[in-house]
Amino acid sequence: IPLARGPERSRPPGAAVAEARRLAAAGCREIVLAGIHVASYGKDLSAADGLLPGSGRIPLLDLAARIADLPGIARVRLGSIEPEALDAAFAQAAAAVPGLCPHLHVPLQSGSAATLARMGRRYGPARYREALAAFRAAFPEGAVTADVIAGFPGETDAEFEESLAFCAACGFSRLHVFRYSDRPGTAAASMPGKVPDAVVAERVRRLQAVSDGMALAFHEGLVGRERLVLVESFGADGEARGYAPEYVFARIGKGGGLAAPALGALVRMRVESSDRQGVRGALLPP
């Protein structure tokens, strides 16, 4: 990816805010700030490009605050944040942005230090734990999702077990599990120690089982609580569906004497039950 994408390029904040304003006028209520290594946003810009002055400012979070303040925007969500960028200063500044969702996707790829080193990652399990601790100190009830790869070349049984245990200990709200596959021209494609397909499949299964267990536990922790849900679709039975701020899929049952919510509405719900897919509950008055 770094070779294909070239140097990092940041969109000027004025252009990003202008697009968010157009989206808000069209009825969008949530804006997601996404990119490749999005925490590096603004490093190639200056005050002449519209960055807010002041030492120690974090351009990405300044942009999030400006967008969150637009009429019609109910909340802002950050995309994937690399663990190297997630520290106490970043997390505390993020918590001060009104309307910022308490959810981050923090790529992991492996919980084994040896595997991460072969991948060329700039962090290890210890630094990753520090990143999670910083986020959770600022967002005590926040959710963290992560990517993890099974079967990277050279991944031994011991390294996989280390990765599996690390994932389980992190308490993610969900994992995105991938099986390694060769990409022609990459360094990994020519590495020795290819893992047999059957072994990779079993490792994927076990990682997915850990993910399902963590998701269920996180969702169960929301039962009995109220959440704001952005209605994004409706089921065949008219059930409203959307996402809570923690990026938890929510289904809102009909009834209760309240009018069905409109598409794009931000509504209150009481969580009554959960499963590994998400939560379900009842619509509450505005």
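Which residues lie nearest the centre of the second largest pocket? In this predicted model, local features need pLDDT of at least 70 and side-chain atom pairs count only at pLDDT 80 or more, whereas totals for chains, interfaces and linings use all residues. Residues are numbered from 1 along each chain as its sequence is written, and side-chain values use heavy atoms, with hydrogens and water left out.

The residues nearest the centre of the second largest pocket are Arg11, Ala34, Gly35, Val38 and Tyr41, out of a lining of 21 residues. Helix H2 (13-25), strand S1 (30-33) and helix H3 (59-68) are the elements that give two or more residues to this lining, and H2 provides the largest share, with four residues. Helices (H or I, at least four residues) and strands (E, at least two) are DSSP runs, numbered from the N terminus. The space in this pocket comes to about 420 Å³. By residue type, its lining comprises 12 nonpolar, four polar and five charged residues; here Ala, Val, Leu, Ile, Met, Phe, Trp, Tyr, Cys and Pro count as nonpolar, Asp, Glu, Lys and Arg as charged, and the others, Gly among them, as polar.

On a 1 Å grid over the protein atoms alone, a cavity is a set of points where a 1.4 Å probe fits but cannot get out, while a pocket is an open set with protein on both sides within 12 Å along at least five of seven lines; lining residues have an atom within 4 Å of a point. Grid points are joined across faces, edges and corners, and a volume is the space filled by probe spheres set on the points. One cavity of 30 Å³ or more is present, and the largest cavity has a volume of about 50 Å³. Its lining includes Leu78, Phe90, Leu104, Phe135 and Phe139, and H4 (88-95) gives the largest share. The lining holds 10 nonpolar residues, one polar and no charged.

Leaving aside residues up to four places away in sequence, Ile81 touches Val38, Phe90 and Leu104, among others, contact meaning heavy atoms within 4.5 Å.

Two residues other than glycine have positive phi values. His37, in the loop between S1 and H3, has phi near 50° and is partly exposed at 23% relative accessible area. Tyr247, in the loop between S7 (240-243) and S8 (249-253), has phi of about 60° and is partly exposed at 43%.

Terms used: Buried means under 20% relative accessible area, exposed over 50%, partly exposed in between (1.4 Å probe, protein chains only).
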